[in-house]
Amino acid sequence: MCKHVLNAQVAIRAPCCKQWFDCAECHAETQDHRLQKTSEMTFMCKKCKKAFRKDMANYEESDEFCPHCDNHYVIDAKTPQAVLGVEGDDPRINARMLRDERAKQDPSRSLFAQDLSDRIG
């Protein structure tokens with residue numbers, strides 16, 4: 001599974017080393033040579049697991065589909081996005097991590113309300 005393109009529909013066979021990769025970045029990470037450029041590419045559909053070739057010099061809109069199962073393999077790539085979040089339980093089951101804005105908050109329990117100037121060097 002590719003970590004660069006999350007929704008890869010085909011694997012690409014590199015003409016230089018005859019190995020299958022989901023994207024060019026995967027080839028660059030695992031191989032010590034550059035990806036060889038060619039006008040004819042070999043693909044393997046991830047839906048029907050069949051290989052096919054496409055001539056990129058005469059590539060048309062109808063070539064965006066697998067010739068065996070009609071899977072549309074030319075789609076917008078979904079790439080991983082960095083997200084910062086808090087993991088917790090389902091709030092419908094355990095709501096301890098949620099703050100109830102209706103309840104009166106005790107300022108002495110807050111870390112930010114305490115005077116800690118005497119503890120700082």
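## Salt bridges in a predicted model

Both Asp-63 and Lys-54 are buried. These two residues form a salt bridge with each other, and their closest N and O atoms lie 3.4 Å apart. The structure under discussion is a predicted model, and it holds 4 salt bridges in total. Three of them are described here, with the N to O distances collected in the table.

| Salt bridge | N to O distance |
|---|---|
| Asp-63 and Lys-54 | 3.4 Å |
| Arg-53 and Glu-40 | 3.4 Å |
| Glu-29 and Lys-3 | 3.6 Å |

The side chains of Arg-53 and Glu-40 meet in a salt bridge at 3.4 Å. This pair links distant parts of the chain, since Arg-53 belongs to strand S4 (residues 51–55) and Glu-40 to strand S3 (residues 40–45), 13 residues apart. Arg-53 has a relative accessibility of 58% and therefore counts as exposed, the threshold for that class being over 50%. Glu-40, at 41% relative accessibility, counts as partly exposed.

A further salt bridge joins the side chains of Glu-29 and Lys-3, with 3.6 Å from N to O. Glu-29 is located in helix H1 (residues 24–30), whereas Lys-3 is in the segment before strand S1 (10–13), so the contact ties together parts of the chain that are 26 residues apart in sequence. Which accessibility class applies to Lys-3? With a relative accessibility of 54%, Lys-3 counts as exposed.

Conventions:
Residues are numbered from 1 along each chain as its sequence is written. This is a predicted model: local features need pLDDT of at least 70, side-chain atom pairs count only at pLDDT 80 or more; totals for chains, interfaces and linings use all residues. Side-chain values use heavy atoms; hydrogens and water are left out. Helices (H or I, at least four residues) and strands (E, at least two) are DSSP runs, numbered from the N terminus. Buried means under 20% relative accessible area, exposed over 50%, partly exposed in between (1.4 Å probe, protein chains only).
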